[in-house]
Amino acid sequence: MDGFELDTSPIYYKTSTPDTTSAISCFGQDSHQLVDTDNSTGTPTPPSCVFLKFVVMTVKVAAAVVVCLIGWAYVAILKPPPTKVCGTPGGPPVTSPRVRLSDGRHLAYKEAGVPKEDAKYKVIIMHGYAGSKDFNLICSQELIDDLKIYILSFDRAGYGESDPHPKRSVKSEAFDIQELADVLQIGNKFYVIGISMGGYSAWSCLKYIPHRLAGAALVVPVANCWWPSVPPTLSKETLSSLPLQDQWAVRVAHYTPWLFYWWLTQKWFPSFSILEPNSPLFSGSDAKTFEKLMTIRGPLQDVSQKTRQQGDYESLVRDLITVFGKWEFDPTEVANPFPNNEGSVHIWQGLEDKIIPYKLNRHISEKLPWVRYHEIADIGHLLPFKGNYSDVIMRELVVG
């Protein structure tokens, strides 16, 4: 039509509802690819598309930054330092006899008492937290000679000169002990004594290798508030009896084990009081016994350095994570290994023990009537080292 021209320029409409076709025009058919302009027609990008592109790119950058920060935090804060395995380049030297286990790990051990060939009773002792094969019962030579006792102690996995166990569990403790006994050929039957943290090693033996036991003694044994058989009220009471910092430490070990190494080694606030020189967890009785013990064993610092020489993660941290984590069984499920009274199982508990409150072990013993429960007044956690209790515990186990 003369004098009239058709206007073919694009027309934009503003709508109040989302338009999916607009999103496609911003991102293209592939929603992972932004489109700034329609280069074929020169059509300008609507302002809403420019903003959307900016938001998407910001989210991607932020996500990348968060991932980098998490990686940095893990390496710098949460990841333990490399383990210094004994006998490897850069690691501590091997100064003790060791056995090689079927999985390639080594266990360092120490023999005492009469020669095993002449022994009437053969006893394996499992040390406690931050302990070693050199820190065990102090039995008199007279008792050892009279009863002809052979004593085998060893560094539990990751402690002293024993190799770490990356897959350590309550169950693995029993099979380490069984293999140690077999390699050293101490016989088909033997006694076990678990002291403090070594108590969970004794429970493991009772559960998984009862046929190898002649008897067992759990001396001030560690207890787990999260065992299914522990009533919630008793669990709460037990935790509440600990210093606040220890309540938190135990909870971190149970609920967030991946955070526990940082918790134990950070310096911002108190973490675990049992590692402190004047820990509030030691009773008055413990303090006196501790002083006497140091005159026999030597300075605590020297003992502790060798105990933890491969790193705190493989010794202290793994130990606590294992014992306060989820067990493969509840101790009250353990069957009597001596139904014909051919052996005995004992629990020794001090009433003044603040580290292992007595009510938990009393509860377990009440559920297992075949356990001989010994509750001692006026004595704390260092019960086995007070007076002649080492002799009393040993004699009661092997003679009855």
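**Close-up views of a predicted model**

**View 1. An open sheet of 8 strands, in a predicted model, has the order E1-E2-E4-E3-E5-E6-E7-E8, with mixed pairing.** Strands (E, at least two residues) and helices (H or I, at least four) are DSSP runs, numbered from the N terminus. Two strands pair if DSSP finds at least two bridges between them. Strand E1 (98-100) and strand E8 (371-376) are the edge strands, each pairing on one side only. From one strand to the next, the twist averages 25 degrees. Axes here are lines fitted to C-alpha atoms, for helices over the stretch in contact, and angles between N-to-C directions run from 0 to 180 degrees.

**View 2. Strands E5 (residues 190-195) and E6 (residues 213-219) run parallel and are joined by 6 bridges.** Ile195 has Val219 in E6 as its bridge partner. Helix H5 (residues 199-208) lies across E5 and E6, and also across strand E3 (121-126) and strand E7 (345-350). The helix runs at about 150 degrees to E6.

**View 3. Asp378 lies in the loop between E8 and helix H13 (389-398).** Its relative accessible area is 57%, so Asp378 is exposed (buried is under 20%, exposed over 50%, partly exposed in between, with a 1.4 Å probe and protein chains only). Not counting residues up to four places away in sequence, Asp378 touches Ser285 and Glu352; contact means heavy atoms within 4.5 Å. Asp378 and Ser285 are 93 residues apart in sequence, and 7.1 Å apart in space, C-alpha to C-alpha.

**Notes.** Residues are numbered from 1 along each chain as its sequence is written, and side-chain values use heavy atoms, leaving out hydrogens and water. As the model is predicted, local features need pLDDT of at least 70 and side-chain atom pairs count only at pLDDT 80 or more, while totals for chains, interfaces and linings use all residues.
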